[in-house]
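This briefing concerns aromatic ring contacts in a predicted model. Please consult the sequence and structure shown here.

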Amino acid sequence: MNYRISMLIMLLMAVLISCNSSTTPPPTPVLPVPNEHQLAWQDLEFYGFVHFNMNTFTNMEWGTGAEDPELFNPTEFDANQWAQVCKDAGMKGIIITAKHHDGFCLWPTSTTEHSVKNSPYKNGEGDIIQEIADACKAHGLKFGVYLSPWDRNHAAYGSPEYVEIFRTQLRELLTQYGDIFEVWFDGANGGTGYYGGANEDRKVDKKSYYDWPTTYALVRELQPQAVIFGDAGPDVRWVGNEHGFAYETTWSNLMRDSVYGGMPEYSEKYSAGQENGTHWVPAEADVSIRPGWYYHEYEDHKVRSLPELLDIYYKSIGRNASLLLNFPVDRRGLIHENDIAQLNILTAKIAEDFAENLVTKQTSITSDKDRGRGFEAKNVLDEKLDTYWTTPDGELSGSITIEFKEPIIFNRFLVQEHIALGQRVKEFKLEAENEAGWETIAEETTIGYKRILRLPDTKAKSIRFTVVDARGIPTIANLAVYNATKLVLAPEVTRSRDGNVTLSVPEEGVDIFYSLDGSTPSSVSEKYTAPFLVETGAELQAIAMDPATGLQSEVTTAALDIPKKNWKVLSSGRNPDNLIDEDMGTNYISDNMEAVIDLGAAYSLAGFTYMPMQNRYMSGVVSLYECHVSLDGRTWKKAAEGEFGNIANSPILQRVTFDPIEARFIRLKAIKTLDGNPASFAELGVITER
Ligand code: FUL
């Protein structure tokens, strides 16, 4: 054979081999699998919810339906502000409450007079939905609509006629405002309402009344790319709670035929999905940035903290769910400044946590097995979700090992499955190799679209990811590790009745320093190691500091006073101990509009503190008060009287000072409560003269 021919043969063989291996067939799908629209939706991950409607103007969460359209009157409505805020936060869309349970429509619908067309907004010429749709488009955001099936305003609710009206409303929303990415149907329905003046209780059979298949067909016809959200999907399901938390084990597979919207046992039985679920219906975690879905000025100080928001992020997006974060837009028609500030803090921290994927520092990536060319371990590094590592048929477990040139320190692990072929992994583990050898860092269950683990700081020369068990051969699209910077937040102060002070921060490994003399603490101040006793009045200041980076928190300050150890509640009522238990989350409800305390000894009193009830729905909050003091419990002297200004809207700690008086007993008398209900007290404290 001459040289040319042998070269030709070799070339031919090489081509044949490469053809052969490049045609290694992909794994067969493990059912159920997502459709193309669900796949596209999954990539959105994070989008905004806006509750803005009649309730915004009535200070309600659920309106009755009897509200006058005249009340709907935002003064500075600006959908572009919403879109800009969402865009800046990395959100991919906005879903608006086009109609909530009270039936008020944000667009000039043909189906009812109960809409924006009869409101003062733009003299009835406005169309809020149009403005939001336009703003989303201008900012490159997707647009979705929430349309409440329950309508407490409509006279026909409960009859077949209403279902047609509901569909007409849907048709209007789906034909007049461009592309819709998600249609949100709420499970809450039935019960009392205005119903065109009937003012009665109307119960419907949630399973059959709405004839959902016909409504779904309408959505498919008008907006085929839109996903439909509901308890039962059909495309995206409710996560089963309003905290924004998915589950450690979260399947996108759902036994969909066993579920219907609003079923009582849904959360407990179905919301985490099932390994053998019949349909692909991934979870969406919805949560409000404040306690309420709608705006209430009294919640301006209750916007979720960074640790809470981070927890939500990691427990939704980090647990195979998308995150729908709600903004209760205010009466101006704007996302409130406090909400924006917290959102910005959250997005900055997320960006910081995921700033650098440390797998880029790898020197080798190997697997104990793979399916062949096109399916090797290196595919998990390319950040593409359509290339993945998988194993030969029948091999349900397997490992990927990543070696680093220098040991890395990491505390976040991120892994994604190639879900187009179905959610497979049932059990996985992560190991790290350090001087002591291999150590198991985490043993977990499901992955799905994305799983993120928050781990203690871990040093590793190599890491090994193992799929221990799966529903089919594993298809792993992405692996990443990060070293998130510590959360260095101002310490929280709690105190026991006997005067012991506890300082805490959300993150381990962060130091706390404090002072009790009013001076600003620093790294040379007293270091906090355990709760300490404070028996007299003191000005506590504390900071947190990350010893690794020197990063320092803001300063926490707390005015401490005498301990409540020897105090006794003399007035009667429900849970008297809650008045002085140093727990702001528990309440004392007085029988006779007052709280009276025996301090156990005489002090020079110079004031008092009143913490109003912190419940979402408050009752008995004191608005007008008198404060009396006594040395013997018989002769009383009025020390102060007045109003807790703005306590309805801002129910925070109230501090009242007066000229020092020697006294052993103190009485806070409610001259008036906000709602006329028996006076309630989360906590009562004194200010002693210093
Ligand atoms: C619930 C509703 O009843 C709430 O008012 C809110 O809209 C929330 C998102 O869904 O079912």
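**Aromatic contacts**

F185 and W212 are both buried. In this predicted model, the aromatic pairs number 43.

- F185 and W212 form a tilted pair, with 4.8 Å from centre to centre and 45° between the planes.
- The pair links distant parts of the chain, 27 residues apart.
- F185 lies in the loop between β4 (182-184) and β5 (191-193), whereas W212 belongs to helix α7 (residues 212-222).

**The pair Y514 and F532**
- The planes of Y514 and F532 meet at 5° and the ring centres are 4.3 Å apart, so this pair is stacked.
- Because Y514 lies in strand β22 (residues 511-515) and F532 in strand β24 (residues 532-533), the pair ties together parts that are 18 residues apart in sequence.
- Y514 has a relative accessible area of 10%, and is therefore buried.
- F532 is likewise buried, its relative accessible area being 11%.

**A cluster of rings**
- F185 and W212 also belong to a cluster linked by ring pairs.

**Charges over rings**
- The face of W438 has R464 lying over it, at 4.1 Å from the ring centre.
- Over the face of W636 lies R667, at 4.2 Å from the ring centre.

Key: Residues numbered from 1 in each chain as written. Predicted model: local features only at pLDDT ≥ 70, side-chain atom pairs only at ≥ 80, totals over all residues. Heavy atoms only, no water. Phe/Tyr/Trp six-rings, centres within 6.5 Å; stacked < 30°, edge-to-face > 60°. Helix = DSSP H or I, 4+ residues; strand = E, 2+ residues; numbered from the N terminus. Buried < 20%, exposed > 50% of the residue type's maximum accessible area, 1.4 Å probe, protein only. Lys NZ or Arg CZ within 6 Å of the ring centre and 35° of its normal.
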